[in-house]
Amino acid sequence: MNQLHFSCNWNKKLSCKYFTSIRISPRLHSGDSVTVCLKCKPIKTVIVIEKKQFLLKDLDSFTAYLDTGYSLAVTTSILKKMYKNVDFSKVFLYLYLFETI
């Protein structure tokens with residue numbers, strides 16, 4: 001089974017039945033089961049409901065606040081720290097919607 005690792009429970013979203021995650025990897029697809037790990041410990045199983053592809057320049061405040069609990073500027077800064085040496089003008093990000101099962 002796929003694993004999805006979180007170092008931080010941004011916006012306390014991992015406690016919710018439905019939550020999102022912004023990732024650089026397109027590896028997950030609708031219907032995939034995923035084990036969510038927080039600080040390397042499995043905490044729950046989720047299913048990918050939907051995946052949207054976008055460039056960082058197209059990230060909006062609405063999505064930023066829901067996903068991280070921070071403003072667009074802070075979320076952009078977080079992503080740039082997480083994915084160093086990435087040319088965000090060319091590399092797509094993916095917004096995943098998950099449902100806890």
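The model is predicted, so local features need pLDDT of at least 70 and side-chain atom pairs count only at pLDDT 80 or more, while totals for chains, interfaces and linings use all residues. Residues are numbered from 1 along each chain as its sequence is written, and side-chain values use heavy atoms, with hydrogens and water left out.

**Exercise 1. State which residues make up the largest nonpolar core and which elements supply them.**

Step 1. A nonpolar core is a set of buried Ala, Val, Leu, Ile, Met, Phe, Trp, Tyr and Cys residues joined through side-chain atoms within 4.5 Å. Buried means under 20% relative accessible area, exposed over 50%, and partly exposed in between (1.4 Å probe, protein chains only).

Step 2. The largest core has 12 residues: Leu4, Phe6, Leu14, Phe19, Leu28, Val34, Val36, Val46, Val48, Tyr94, Tyr96 and Phe98.

Step 3. Helices (H or I, at least four residues) and strands (E, at least two) are DSSP runs, numbered from the N terminus. Two or more core residues come from each of strand 1 (2-6), strand 3 (33-38), strand 4 (41-54) and strand 5 (93-100). Strand 5 gives the largest share, 3 residues.

Step 4. Another core, of 9 residues, lies apart from this one; among them are Leu56, Tyr83, Leu93 and Leu95.

**Exercise 2. Find the buried residues of helix 1 and what they pack against.**

Step 1. Helix 1 spans residues 61-68, and its buried residues are Thr63, Ala64, Asp67 and Thr68.

Step 2. Seen down the axis of helix 1, these residues fall within an arc of 100°, so they line one face of the helix. The arc is that of the directions from the helix axis to the C-beta atoms.

Step 3. The face turned away from the buried side carries exposed Phe62 and Leu66.

Step 4. Contact means heavy atoms within 4.5 Å. The buried residues of helix 1 pack against strand 2 (18-23), helix 2 (72-82) and strand 5.

**Exercise 3. Do likewise for helix 2.**

Step 1. Thr75, Thr76, Ile78 and Leu79 are the buried residues of helix 2.

Step 2. They fall within an arc of 160° seen down the axis of helix 2, so they line one face of the helix. Ala73 and Lys81, on the other side, are exposed.

Step 3. The cover over the buried residues of helix 2 includes strand 2, helix 1 and strand 5.

**Exercise 4. Describe the lining of the largest pocket.**

Step 1. On a 1 Å grid over the protein atoms alone, a pocket is an open set of points where a 1.4 Å probe fits, with protein on both sides within 12 Å along at least five of seven lines; lining residues have an atom within 4 Å of a point.

Step 2. The lining has 14 residues, of which Phe6, Trp10, Ile22, Arg23 and Met82 lie nearest the centre of the pocket.

Step 3. Helix 2 supplies the largest share of the lining, 4 residues.

**Exercise 5. Locate asparagine 11 and lysine 39 and give the phi of each.**

Step 1. Most residues other than glycine have a negative phi.

Step 2. Asparagine 11, in the loop between strand 1 and strand 2, has a positive phi near 60°. Asparagine 11 is partly exposed, at 40% relative accessibility.

Step 3. Lysine 39, in the loop between strand 3 and strand 4, has a positive phi near 55°. Lysine 39 is exposed, with a relative accessible area of 61%.
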